[in-house]
Amino acid sequence: MIILGIETSCDETAVSVCMDGKILSNIVGSQLIHSNFGGVVPEVASREHERLLNDLTVKAIDSAKISINVIDGIAVTNGPGLAGALLTGVSFAKGLAIGLGIEIVSINHLEAHIIANLLDRDDINYPFLCLLVSGGHTQLWLIKKMDDYTLLGETRDDAAGEAFDKGARILGLGYPGGPEIEKCAQFGDSNLVKFPRAFINSRTIEFSFSGLKTSLLYYMDSFQETNECTLNDVAASYQSAIIDCLVAKMKLATKLTSVNTISIAGGVAKNKFLRQSIDKNLSDKNIIFPDLKYCTDNAAMISYLGEKKFQMGKKTNLDFSIKPNFKNNLD
Amino acid sequence: MEIECNSVEETQKFAFEFSKNIEMGSIISLNGDLGAGKTTFAQGFARGMGIKQHVGSPTFKLVSEYHGENMKLFHVDCYRLSGINDFLNMGGENLLLSESGVCLFEWASIIEGVLPINTIIIDFIRFKDNSNKRLIKISGTD
C-alpha cells in the first residue's frame, strides 16, 4: 500500500509517503523554508501551513519517486492540536482525497508518536509502555495492542519539555531550551543543587513540573556564579530533577503493570541524559528508543500509522471533524 | 482591587470565587513573570466554572479549550508569540470574538494592541523574600 501522510497539528507542516511499512519520503516545512526561501522559520505559523502544504506534498511525492496516481489512501492528523492549524491540514487532505478518488483516515497525533516506535523495528512485542514527553505533553501510556491504549498518568501542570524551555529562559539560555540545558549540563555537576522532585516517591503515576520551575526562579534570584557552583551546575541539577521524575514513574509503571518493554516518544525523547538514565535505571527491561528524526513532529509517523489503520480495514467518512482537545483517549 | 495570597491554594480559591462573577464573552488578561501564578489562577478559575479536567499550561498548545457547566473556557498563552501578526496567523481573532465562552490570556501584553477596551486585567506580583506570597491586582472591572 502507498499512503500519503499529512501533519499540521501545531507549528510544523509535514508530508510523508509510506509504502508497505517503509518511509519513502519525510518532508517537514522548516527544512523547505530553509532551503527554498532562505528565510527565518517562524515559530508559530498556522497560516504558514496553508502556504506550504501544496509545495510540501509535491516534494514528498517527488522524493518518494512515485506518481500521485498510485497513492492508495491519505492519512491526516485531526487532533489534538491548534484548531486553525488542524483545519488547514484536514481540509487539504479531504480535497486531495476527493480529487484522487481515494480513501482517507484521520489520525490522532499522540497515537502516531507512540506507534512511531515501531518504525524500522520488528523486534517490538505488545504490550509495551510509552513515556510520551514533549513541549505540550507528559504522559505514560500502556499499549496493549494496536487500538488498545490506557493512559496510566500525566502531568498536572507543565509538560517536561516546557519545564526545559522555561528553565532555560530563567537561566538566561537560548530557545529551544531543551538542547541548551542539555549542552550546559554536560559540563555541570547534577548533584550540586537540590531541586524538588514532585511525586517522586508516590505510588501514583503523575507528574508536576510547575513547582520545580518556581524553585529555580527563586534560586536564581540570589544566584552568583562561583567556581564552586557554576551556571552549568545549576542547569545539570535542574535537568536531573526533571529526568529523575520521568524515570521514577517509568520504573513504577513497569512494576504496576508487570510490562517489561518500555519506549519513549516526543521531542524530549531526544535528550541523551534521559536516554542514559533509562538505560541505567531500567537495565533489566527491554528498552526501545525511537530514531531521533521521529521524536519531533513529523508526517512519517502519520503515513506509517495510516497504513496500519487502512490494513486493519479502518477508514474515516469524509465528514469527520477536527478534535483539538485531548480527552484521555486516542480515538 | 488588590488581594494578597499566601499559597497556591489561596490563589486557586480566589480564582474559583472570581470565576463565578464572569460573564460570557469576557476577556481576561493575566500578567506577571514566569512562576508568578498565572496558570495556578487559571486552574482555580476553571474549577469554578465546573471544569473537572486537568488544567495544564497551554504554552506549547497555544490554546486549550475546556467545557464548563455553562460556557467554554479558552485558556490561551501568548508566551511563544512574537507579536500580533503571530496571533492573527494562528487564527487568534476568533478567540477575541468568541461568544461561547470566556478567554484567559497568559502573557497578553504581547498582543495588547488587539485586546478589547473592556479587557479585565489581572497582574501577579511575586516577592523575592517569600516564595509563597503573591499580590494580585485587578483592574478593568466595575
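Lys166(A) and Glu162(A) both sit in helix H5 (residues 160-170) of chain A, 4 residues apart, or about one turn of the helix. Helices (H or I, at least four residues) and strands (E, at least two) are DSSP runs, numbered from the N terminus. A salt bridge joins Lys166(A) to Glu162(A), with the closest N and O atoms 2.8 Å apart. The term stands for a side-chain nitrogen of Lys or Arg within 4 Å of a carboxyl oxygen of Asp or Glu. Lys166(A) counts as buried, at 3% relative accessibility. Glu162(A) is buried too, with a relative accessible area of 1%. Buried means under 20% relative accessible area, exposed over 50%, and partly exposed in between (1.4 Å probe, protein chains only).

The model is predicted: local features need pLDDT of at least 70, side-chain atom pairs count only at pLDDT 80 or more, and totals for chains, interfaces and linings use all residues. Residues are numbered from 1 along each chain as its sequence is written, chains are lettered from A and ligands numbered from 1 in the order in which they are written, and side-chain values use heavy atoms, with hydrogens and water left out.

Leaving aside neighbours within four places in sequence, Thr59(B) is in contact with Glu162(A), Lys166(A), Asp77(B), Tyr79(B) and Arg80(B). Contact means heavy atoms within 4.5 Å. Thr59(B) lies in the loop between H2 and E3 of chain B. At 1% relative accessibility, Thr59(B) counts as buried. A polar contact of 2.7 Å links the side chains of Thr59(B) and Asp77(B). Such a contact is a pair of N or O atoms within 3.5 Å; within protein, one must be able to donate a hydrogen and the other to accept it, and residues adjacent in sequence count only if both atoms are side-chain atoms.

The interface of the two chains was then examined. In total, 32 residues of chain B are in contact with 27 residues of chain A. The area buried between chain B and chain A is about 2,700 Å², with 51% from carbon and sulfur atoms. Buried area is the accessible area (1.4 Å probe) that two parts lose on being put together, summed over both. Leu34(B), Phe60(B) and Arg80(B) supply 24% of the area that chain B buries against chain A, more than any other three residues. The rule finds 3 salt bridges across the interface of chain B and chain A. Lys128(B) forms a salt bridge with Asp221(A), the closest N and O atoms being 4.0 Å apart. Polar contacts join 9 residue pairs across the interface of chain B and chain A (both at pLDDT 80 or more). On the side of chain B that touches chain A, two or more residues come from each of strand E3 (63-67), helix H3 (84-89), strand E6 (120-127) and strand E7 (130-139) of chain B. By class, that side of chain B has 11 nonpolar, 12 polar and 9 charged residues. Ala, Val, Leu, Ile, Met, Phe, Trp, Tyr, Cys and Pro count as nonpolar, Asp, Glu, Lys and Arg as charged, and the others, Gly among them, as polar.

Within chain A, the assignment gives domain 1 (2-114 + 297-311) and domain 2 (125-290). Such bounds come from an automatic or database domain assignment. The contact takes 8 residues from domain 1 of chain A and 13 residues from domain 2 of chain A. The two domains of chain A bury about 820 Å² between them, 76% of it on carbon and sulfur atoms. In domain 1 of chain A, Leu110(A), His113(A) and Ile114(A) lose the most area to domain 2 of chain A, together 61% of what that side buries.

The count between domain 1 and domain 2 of chain A is 1 salt bridge. Lys309(A) forms a salt bridge with Asp147(A), at 2.9 Å between the closest N and O atoms. Lys309(A) also forms a salt bridge with Glu111(A), at 3.0 Å between the closest N and O atoms. Lys309(A) lies in helix H10 of chain A and Glu111(A) in helix H4 of chain A, so the pair ties together parts that are 198 residues apart in sequence. Lys309(A) and Glu111(A) are buried.

Helix H2 (residues 38-48) of chain B is mostly covered, with 10 of its 11 residues buried. The cover of the buried residues of H2(B) includes helix H1 (8-19), strand E2 (27-31), strand E4 (72-77), strand E5 (101-106) and E6 of chain B. Gly50(B) follows H2(B) and has a positive phi, near 85°.
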